[in-house]
Amino acid sequence: MTADKIKSRIEELCTNVSFILDGKNCGIDPISRFHYDMWYGENAYVASSIDDVMNVKMFNGKSLTEVADKIEITEW
């Protein structure tokens, strides 16, 4: 999956995007254009923009942009 496709889907604000990375459950729940709940295993973060979602280094020290092609999507 490409980072651009994932970003586009999240921006639709229709449902959460869940995936597995490094054996951990992860995801992004777009509550609004200014509130995105994110998780990586036990770690959680609230992003305030889609750019923050794509660039915050919360997935084992990497951003969603960096790991997009390595994730296994479980809910789209």
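Which residues of α1 are buried? They are A3, I6, R9 and I10, where buried means under 20% relative accessible area, exposed over 50%, and partly exposed in between, using a 1.4 Å probe and protein chains only.

## Before you start

This is a predicted model, so to speak of a local feature takes pLDDT of at least 70, side-chain atom pairs count only at pLDDT 80 or more, and totals for chains, interfaces and linings use all residues. Residues are numbered from 1 along each chain as its sequence is written, and side-chain values use heavy atoms, with hydrogens and water left out.

Helices here are DSSP runs of H or I with at least four residues, strands are runs of E with at least two, and both are numbered from the N terminus. Helix α1 takes in residues 3-11. Its buried residues are A3, I6, R9 and I10. They sit on the same side of α1 because they cover an arc of only 130° around the axis, the arc being that of the directions from the helix axis to the C-beta atoms.

What lies over the buried residues? The cover includes strands β1 (17-21), β2 (24-32) and β3 (35-40), plus helices α2 (50-55) and α3 (64-67). After α1 comes L13, which has a positive phi, near 60°.

R9 belongs to α1 and is buried, at a relative accessible area of 19%. Setting aside neighbours within four places in sequence, R9 is in contact (heavy atoms within 4.5 Å) with C14, T15, V17 and W76.

## The cysteines

How many disulfides are there? Zero, if a disulfide is a pair of cysteine sulfur atoms within 2.5 Å. For C14, the nearest cysteine sulfur is that of C26, 19 Å away, which is too far for a bond. C14 is partly exposed at 46% relative accessible area, while C26 is buried at 2%.

N16 lies in the loop between α1 and β1 and is buried, with a relative accessible area of 15%. Its side chain makes a polar contact of 3.5 Å with the side chain of T15 and another of 3.1 Å with that of S18. A polar contact is a pair of N or O atoms within 3.5 Å; within protein, one must be able to donate a hydrogen and the other to accept it, and residues adjacent in sequence count only if both atoms are side-chain atoms. Beyond four places in sequence, N16 is in contact with I28, D29, P30, W39, E75 and W76.

## T65 and M54

T65 is in helix α3 and is partly exposed, at 39% relative accessibility. A polar atom of the T65 side chain lies 2.9 Å from the backbone oxygen of M54. The C-alpha atoms of T65 and M54 are 5.4 Å apart, though the two are eleven residues apart along the chain. Leaving out neighbours within four places in sequence, T65 is in contact with A3, M54 and N55.
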